Amino acid sequence: MRKPLWDLAFSLALILSPFGAQAETSSETQATGDLGLVVERATGSVLEIDRSDRAALGRIEGLGDLSHASLTYSPDERYAYVFGRDGGLSKVDLVAQKLVARVVQAGNSIGGAISDDGKLVAVSNYEPGGVKVFDAETLALVADIPMKGKTIGLVDVPGRRFAWAVWDTGEVFLGDFKGDPKVSMIGNAGKNPFDAVITDDAHTYLVGLFGEKGVTAFDLWAEAPQPLHFLTDYGREGEDMPVYKMPHLQSWAFAEGQYALPAVGRHQVLWVDRQSLKQTAATEVAGQPVFIIEQPASPYVWVNFALPDNGKVQVIDSRSHEVVATLEPGAAILHMEFAPRGAEVWMSARDDNKVVIYDTQTREKTGEIAAEAPSGIFFTARAHRSGL
Amino acid sequence: MLRLLPLLLALPAQAEVDAPRLAHMVQQDCGSCHGLTLKGGLGLPLTPQALEGKPPEALTLIILDGIPGTAMPPWRPLLTEEEAAWIAAYLKD
């Protein structure tokens with residue numbers, strides 16, 4: 001008789017105690033570790049999705065012109081900072097599913113980054129050209145750094161620093177925002193850098209060039225980083241084709257000790273040895289590569305393409321450099337985002353108004369979610385990776 | 001799209017162009033560089049004000065042949081001359 005009574009008393013205590021109340025609330029608490037946002041570029045909205053449930057949770061509107069929009073996450077994965085084309089910087093709360101702050105900080109911008117400590121958000125602007133740095137909490141302006149042209153390839157560098165390049169002049173800058181801003185030009189990358197990326201170990205800043213052949217690397221671990229130009233002779237033979245969409249470098253693959261790089265204006269993925277910076281192979285692909293993204297925890301990279309081949313996606317084995325699969329996931333595949341451990345990939349099919357989900361082992365479609373002209377897909381796991 | 005309809009109907013009749021497809025292409029694909037609202041990006045603004053004084057024939061040629069030395073590619077491999085002319089008129093309107 002005694003034991004059941006104890007149990008009852010214990011249960012009652014649980015129900016009545018603040019603990020019990022909290023347990024009830026926490027069942028409604030929104031964890032954000034498996035959430036993500038899909039940019040709906042024409043409608044100026046982002047669609048919040050739950051990766052595990054493969055479901056759309058809600059739509060957050062009023063973010064302006066989101067062509068070429070990208071975003072980055074706060075370290076607690078609660079807030080997203082959305083960088084819009086129209087110069088808008090918007091802070092979205094994933095838990096409340098709403099826009100909590102927005103500043104229109106330039107006429108025309110292209111992307112941004114969050115500092116390694118999560119305290120500062122920097123935006124790369126086309127018009128007027130330069131970089132602006134904001135307090136991540138309030139979006140108050142912290143620093144304004146005008147440049148002589150459109151800034152591209154803005155990335156975070158450890159130690160509350162950012163690096164970027166200037167399309168018009170080729171100059172590369174490193175800004176230190178630990179105290180009073182200190183900005184220094186570290187070298188010239190070459191003619192018309194179109195995008196840049198930092199390796200996940202924050203060692204190398206790679207700048208892709210549009211105006212001339214090649215890629216320029218800066219060793220950011222060095223005391224005084226020097227520009228190192230490579231791939232200067234690729235594609236000497238044969239005629240380049242017009243580029244209908246600039247490749248993106250934000251997710252350049254770093255597989256098997258190699259960089260997998262898009263050949264600008266050619267139907268090729270180029271493989272470069274990370275140590276020697278020598279080209280080791282070229283893979284013929286179905287179109288001009290836009291994104292080349294490594295499938296986490298695997299030897300594979302996935303590639304999507306510019307117009308008119310943007311309905312295809314190819315998978316390449318980074319060991320053999322062979323195309324191992326050609327998929328047709330939908331109309332106008334603009335972006336691909338992998339689950340952090342690589343189990344599945346989400347791809348935006350802009351002209352089908354949906355996001356399609358593929359299992360990476362079977363490479364079969366396992367689901368889809370309706371979205372308005374989706375472009376970039378961003379999972380919150382990005383919060384914990386340098387350069388994203 | 002519905003907002004565009006009167007505009008599409010008002011344009012001079014052109015030979016065999018798929019107007020909704022081209023309008024979609026202008027917004028989404030030209031928009032990749034010129035901005036979805038065509039107010040500019042990596043490429044220059046393409047609003048009617050920005051294009052004032054530029055003859056449609058010249059714009060058609062730029063669309064077809066691109067601008068060498070810049071990021072503007074020739075669209076001739078993907079568009080007919082009629083389609084390029086339609087886009088030029090559409091941008092000016």
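The following exercises concern a predicted model, with attention to chain B and the side of chain A that touches chain B.

**Exercise 1.** Describe the secondary structure of chain B and the order of its elements.

*Solution.* First, count the elements: chain B has four helices and zero strands. Next, read them from the N terminus, which gives the order α-α-α-α.

**Exercise 2.** Determine how the end-to-end distance of helix α2 of chain B compares with that of a straight helix, and locate the kink in α2(B).

*Solution.* Begin with the extent of the helix: α2 of chain B covers residues 19-34, a run of 16 residues. At 1.5 Å a residue, a straight helix would reach 22 Å. The end C-alpha atoms of α2(B) are only 20 Å apart and thus fall short of that value. Finally, look past the helix end, where Gly35(B) follows with a positive phi, near 90 degrees.

**Exercise 3.** Which residues of α2(B) are buried, and what percentage of chain B counts as buried?

*Solution.* Apply the cut-off of 20 or more other C-beta atoms within 10 Å. In α2(B), the buried residues are Gln27(B), Gln28(B), Asp29(B), Gly31(B), Ser32(B), Cys33(B) and His34(B). For the chain, 28% of the 93 residues of chain B count as buried.

**Exercise 4.** Characterise the contacts between chains A and B.

*Solution.* Count both sides: 18 residues of chain A are in contact with 16 residues of chain B. Then classify the chain A side, which consists of nine nonpolar, three polar and six charged residues.

Terms used
Residues are numbered from 1 along each chain as its sequence is written. Chains are lettered from A and ligands numbered from 1 in the order in which they are written. This is a predicted model: local features need pLDDT of at least 70, side-chain atom pairs count only at pLDDT 80 or more; totals for chains, interfaces and linings use all residues. Helices (H or I, at least four residues) and strands (E, at least two) are DSSP runs, numbered from the N terminus. The expected span of a helix is 1.5 Å times one less than its number of residues. The bend at a residue is the angle between axes fitted to the seven residues ending there and the seven starting there. A residue is buried if 20 or more other C-beta atoms lie within 10 Å of its own, exposed if 12 or fewer, and partly exposed in between; C-beta atoms are placed from the backbone. Two residues are in contact if their C-beta atoms, placed from the backbone, lie within 7 Å. Ala, Val, Leu, Ile, Met, Phe, Trp, Tyr, Cys and Pro count as nonpolar, Asp, Glu, Lys and Arg as charged, and the others, Gly among them, as polar.
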